[in-house]
Amino acid sequence: AIMCLLLEHCSDEVHRQAVDDILWTLDASVDHDTLRKRSLHVSLVACRLIVTSQPHAKAKRVRVKGASARIIAALLGVLQRAFASSHAGRPEAGVGRAGGAAGLVLPAMSLLVDVVSTNNLKLSARDLGIALDAVSISSTALQTASNASRTWNGAAAAAAVPRPPRWEPAWRLQLWMLECRLVHTLLRGFPGLLMLHNVQTTIASVRQLLKRVVALAVAGHATSLAIENMGRLLQAVGSTSKEALRKYAPYMLADFVGTVSCARLTTVAKRTLEEGAFTIMDACSEHEFTLLHVSLDATGQGLFKQLHETYAKFHKYSGRS
């Protein structure tokens with residue numbers, strides 16, 4: 001609280017120097033071979049003050065040049081090192097708990113959400129694209145751990161192969177909620193920049209989040225709030241530029257048919273996600289529907305036919321956009 005007050009009321013020169021020192025400490029902590037957890041935790045708290053503190057009403061704050069890019073890059077470095085440390089089986093690695101290197105993932109992801117939400121930092125299209133990479137980093141790390149867990153056995157233990165991290169469902173759900181909020185915040189705040197410069201990364205992030213939340217739901221670990229957030233995220237994508245989305249809509253719908261339509265979900269959960277998929281279908285013409293139908297197998301074609309019939313009956317002509 002004291003630091004926050006100082007940042008809000010200090011002079012521009014002192015503020016600029018303080019921000020630069022904090023960012024330097026964060027960079028040094030991440031660049032070290034082994035994660036310096038104590039200094040990283042302090043640096044994350046300090047960075048949060050930079051992001052959330054508001055300047056005095058009469059002060060004309062001069063932003064530190066490149067601060068947003070440096071913070072985002074450092075936070076992605078924290079995520080990469082934390083996941084890599086956990087996969088390597090190092091002593092500081094936390095196995096699905098809040099301790100160890102894994103304990104840095106949620107604070108770093110939470111701060112990344114604050115970075116893209118604040119008005120204190122000016123974000124460029126490149127900054128937004130780098131921020132979206134956080135979803136890919138997490139998805140890849142979780143998938144790698146899942147694949148390794150299937151092949152790890154007693155022989156691997158005898159050969160001193162580190163046991164893959166077993167991320168607890170509650171922890172994975174917390175991480176997913178933060179990532180969903182990150183992408184949703186970017187779509188609401190910077191729809192033009194995303195769909196013009198980062199459309200591929202945006203669509204890839206949404207597709208990864210959809211697969212992960214369905215997997216959590218099938219295992220009984222996803223809450224109704226998570227399903228609702230995924231539905232809103234799909235609707236947010238569908239509300240962007242139809243021209244930019246049309247090229248990628250068939251791939252998103254193919255994922256939807258292959259995950260949601262085939263999964264054993266509750267009727268309410270499927271209906272919620274279908275409402276989001278319908279907004280994606282709004283961007284499609286008959287050409288995209290034909291391409292999608294041809295790319296699916298017989299089972300997928302039957303599932304898509306049911307989805308399209310529901311879309312035409314309850315959504316397309318209901319007056320909703």
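In this predicted model, helix α13 meets helix α15 through P250, L253 and A254 on the α13 side and E288, F289 and L292 on the α15 side. The residues of this contact divide into five nonpolar, no polar and one charged.

Two packed helices are described by the angle between their axes and the distance between the axes. For α13 (residues 249–261) and α15 (residues 286–295), the axes come within 9 Å and cross at roughly 45°. That angle makes α13 oblique to α15, and α13 passes α15 in a right-handed crossing.

F289, one of the α15 residues in the contact with α13, also takes part in an aromatic cluster: ring pairs link F289 with F278, F304 and Y311.

The structure holds four aromatic pairs. In the pair formed by F83 and W171, the ring centres are 6.4 Å apart and the planes stand at 80°; because planes over 60 degrees apart count as edge-to-face, this pair is edge-to-face. F83 lies in helix α4 and W171 in helix α8, so the pair ties together parts that are 88 residues apart in sequence.

The two partners are set out below.

| Residue | Helix | Relative accessibility |
|---|---|---|
| F83 | α4 (residues 67–87) | 2% |
| W171 | α8 (residues 169–189) | 5% |

Buried means under 20% relative accessible area. F83, at 2%, therefore counts as buried, and W171, at 5%, likewise counts as buried.

How values were computed:
Residues numbered from 1 in each chain as written. Predicted model: local features only at pLDDT ≥ 70, side-chain atom pairs only at ≥ 80, totals over all residues. Heavy atoms only, no water. Phe/Tyr/Trp six-rings, centres within 6.5 Å; stacked < 30°, edge-to-face > 60°. Helix = DSSP H or I, 4+ residues; strand = E, 2+ residues; numbered from the N terminus. Buried < 20%, exposed > 50% of the residue type's maximum accessible area, 1.4 Å probe, protein only. Axes fitted to C-alpha atoms, helices over the stretch in contact; angles between N-to-C directions. Parallel < 35°, antiparallel > 145°, perpendicular 65-115°, else oblique. Left-handed = near helix turned anticlockwise from the far one by under 90°. Contact = heavy atoms within 4.5 Å. Nonpolar A, V, L, I, M, F, W, Y, C, P; charged D, E, K, R; others polar.
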